[in-house]
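Take a look at the fold shown here. Keep the helices in view as you read.

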Amino acid sequence: GRALGIAVAGIANLLNPERVLVGGGLAKAGRFIFGALRAEVRSRAMRPAWERLSIRPAALGEDAGIYGAAKVALDEFAGRR
């Protein structure tokens with residue numbers, strides 16, 4: 001969570017997003033990751049960046065990669081017909 005928090009803080013400072021979604025196996029780790037992640041972002045990001053930032057698990061969780069790969073395959077197949 002700490003290492004991911006360092007990365008997210010850098011992104012927050014650079015791009016100032018409203019939301020960061022964490023997917024894959026990390027999303028499954030839940031409270032083990034998100035507490036440390038949020039604490040690190042709060043300690044490293046500029047106040048305006050972390051005050052409006054929402055960090056949440058992605059809705060698809062660890063299946064996001066499977067859906068993405070299926071979409072690419074379908075797009076490739078549809079393009080060849």
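The text below goes from the core to a helix pair and then to one residue.

This is a predicted model, where local features need pLDDT of at least 70, side-chain atom pairs count only at pLDDT 80 or more, and totals for chains, interfaces and linings use all residues. Residues are numbered from 1 along each chain as its sequence is written, and side-chain values use heavy atoms, with hydrogens and water left out.

Start with the largest nonpolar core, which has 14 residues. Such a core is a set of buried Ala, Val, Leu, Ile, Met, Phe, Trp, Tyr and Cys residues joined through side-chain atoms within 4.5 Å. Buried means under 20% relative accessible area, exposed over 50%, partly exposed in between (1.4 Å probe, protein chains only). Val-8, Leu-37, Val-41, Ala-45, Leu-53 and Ile-55 touch the most other members. Two or more residues each come from helix 1 (2–15), strand 1 (19–22), helix 3 (31–44) and helix 4 (47–51). Helices (H or I, at least four residues) and strands (E, at least two) are DSSP runs, numbered from the N terminus. Helix 3 gives the most, with 4 residues.

Leu-37 touches Gly-1, Leu-4, Gly-5, Val-22 and Ile-55, not counting residues up to four places away in sequence. Contact here means heavy atoms within 4.5 Å.

Now look at Glu-40, in helix 3. Glu-40 counts as buried because its relative accessibility is 11%. Leaving aside neighbours within four places in sequence, Glu-40 is in contact with Arg-2, Gly-5 and Ile-6.
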